[in-house]
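Thanks for coming. I will take one chain today and start with the part to be read with care.

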Amino acid sequence: MVLFPVLLMLFALGMERLENRLRKLLEPGEEVRQYLDKASNAEVGDLAQLGVPAHVGAGGPAHRELDVAQAS
């Protein structure tokens, strides 16, 4: 019974660390901001309609392989 609060606190701290890592991973990078600033309305519309993975896979203007390890 005494271990439950301690385990709950450790779980909460672990979840907070995971949330922070995911938030950093999902934040738009500088390249994305620059692309959106320079892209035409049609390019942004295509990106929104197809999604980012489909656009990158199709060889969009900012085509390059996504490296998840680099983002963290």
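This is a predicted model, and over residues 60-72 the pLDDT stays under 50. For that stretch the model has 12 contacts beyond four places in sequence. Helix H5, residues 68-71, has the lowest confidence in the chain, with a mean of 47. At the other end of the scale is helix H1, residues 3-26, where confidence is highest, at 93. For the chain as a whole the mean pLDDT is 75, and 71% of the residues reach 70 or more.

Now the fold. There are five helices and zero strands, so along the sequence the pattern reads α-α-α-α-α.

How much of the chain is buried? Of its 72 residues, 10% count as buried. The chain exposes about 6500 Å², and carbon and sulfur atoms supply 63% of that area.

Helix H3, residues 41-50, is a case in point. One of its 10 residues is buried, so H3 lies largely in the open. After H3 comes Gly 51, which has a positive phi, near 95 degrees.

Last, the surface. Which residues make the nonpolar patch of about 810 Å²? They are Phe 4, Leu 8, Phe 11, Met 15, Leu 18, Leu 22, Leu 25 and Leu 26. Take Met 15 as one of them: this residue is found in helix H1. Its relative accessible area is 39%, so Met 15 counts as partly exposed. On spacing, an α-helix has 3.6 residues a turn, so residues three or four places apart point the same way.

That is the end of my part.

Notes: Residues numbered from 1 in each chain as written. Predicted model: local features only at pLDDT ≥ 70, side-chain atom pairs only at ≥ 80, totals over all residues. Heavy atoms only, no water. pLDDT = per-residue confidence, 0-100. Helix = DSSP H or I, 4+ residues; strand = E, 2+ residues; numbered from the N terminus. Contact = heavy atoms within 4.5 Å. Buried < 20%, exposed > 50% of the residue type's maximum accessible area, 1.4 Å probe, protein only. Areas by Shrake-Rupley, 256 points an atom, 1.4 Å probe, with all protein chains shown as cover. Patch = residues over 30% accessible without salt bridge, like charges linked within 9 Å, V, L, I, M, F, W, Y side chains within 5 Å. Salt bridge = Lys/Arg side-chain N within 4 Å of Asp/Glu carboxyl O.
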